[in-house]
Each structure stands twice: as C-alpha cells, then as structure tokens.
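The sequence and structure come first.

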Amino acid sequence: EFIKLSDEKSQYINNIIMPYFISSFDLGIYISDKRIINENFRYPYRMLECLACGLPILMIGNVGELARTIINYKCGIVLEEKDYNKIAKKISDTIKDKEKMALFSYNARKFAEKVSMEATAKFLYWFFKLIIDDRDF
C-alpha cells in the first residue's frame with residue numbers, strides 16, 4: 001500500500017517508497033513566502049529530502065544560507081519573484097532545459113552525499129532556532 005490515510009484530513013507516503021515518490025517529480029519546490037498556508041513547503045528537511053533524491057530545487061524567496069547552498073552548489077534555482085505568472089514561466093523554461101536539469105540533478109545528489117547526518121542535525125538546529133527567534137507570534 002503506497003499511500004496510507006493517517007486520518008480524515010491528511011495523507012502520508014510510506015517511508016520505504018518516499019525516495020521513489022520524490023524522484024518522480026521534476027523539481028522540489030521550497031517556498032519561503034510567509035503568505036503560504038501549507039507550512040510543509042517551508043521546512044528545510046523537505047529540501048534536503050529532495051536533494052538526497054537528486055531532485056533539483058526551485059526555491060521561491062531567499063532564505064539566506066539555504067538559498068546560498070542552492071546557488072553555490074548549482075543544484076536548482078532561487079527566485080525572489082512575487083508574480084506567480086513569472087514563476088510559472090521560469091519553472092517551465094527550467095524544466096525544458098534538459099542539460100541544465102541534468103546538471104542540477106547531478107549536483108543535488110553530490111551535495112546530499114557530502115552532507116553528513118551530524119552536519120544536517122547542526123544545520124537544522126541552527127535554522128529552526130533562527131525561525132523561532134524571528135517568528136511573529
């Protein structure tokens with residue numbers, strides 16, 4: 001059973017098949033826009049899951065170190081655009097560029113191989129502390 005219903009409001013994917021599920025997409029989308037209601041698109045571990053599967057990242061909004069990682073390791077694109085039509089055009093243009101997508105995918109996987117669990121844990125601690133300290137309550 002690939003998709004299980006955990007309760008009436010949400011679904012989750014069986015962890016065993018998660019890498020296959022993630023790898024079936026063209027881009028991993030990471031949205032740092034506070035207007036987004038679905039918080040799942042804002043968690044850094046989602047981005048790391050995508051990178052581990054060799055999935056290029058489309059980051060909407062600049063999240064400091066995360067954005068620098070995407071840019072420096074050439075494993076996706078970072079958009080600070082707020083116009084959703086322009087974002088859709090950039091997504092379409094990027095996906096059509098097979099050579100660029102292959103490079104992003106290769107670099108994503110290489111980056112993920114380079115990152116250890118300890119470094120990831122330290123990074124996530126730092127990042128979530130940053131969010132908590134900066135959060136509007």
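## Aromatic pairs and sheet

Two of the pairs are tabulated below.

| Pair | Centre to centre | Angle between planes | Class |
|---|---|---|---|
| Trp126 and Phe127 | 6.2 Å | 50° | tilted |
| Phe127 and Phe128 | 6.2 Å | 70° | edge-to-face |

This is a predicted model, in which local features need pLDDT of at least 70 and side-chain atom pairs pLDDT 80 or more, while totals for chains, interfaces and linings use all residues. Residues are numbered from 1 along each chain as its sequence is written, and side-chain values use heavy atoms, without hydrogens and water.

Phe127 is buried because its relative accessibility is 5% (buried is under 20% relative accessible area, exposed over 50%, partly exposed in between; 1.4 Å probe, protein chains only). Trp126, at 41%, is partly exposed, and so is Phe128, at 29%. One aromatic cluster comprises Phe123, Trp126, Phe127 and Phe128.

The open sheet has 3 strands in the order S3-S4-S5, with parallel pairing (strands are DSSP runs of E, at least two residues, and helices of H or I, at least four, numbered from the N terminus; two strands pair if DSSP finds at least two bridges between them). Its edge strands, S3 (28–31) and S5 (76–79), each pair on one side only. S3 and S4 (residues 57–60) are joined by 4 bridges in the parallel sense, and Ile29 stands opposite Leu58 in S4.

How values were computed. Phe/Tyr/Trp six-rings, centres within 6.5 Å; stacked < 30°, edge-to-face > 60°.
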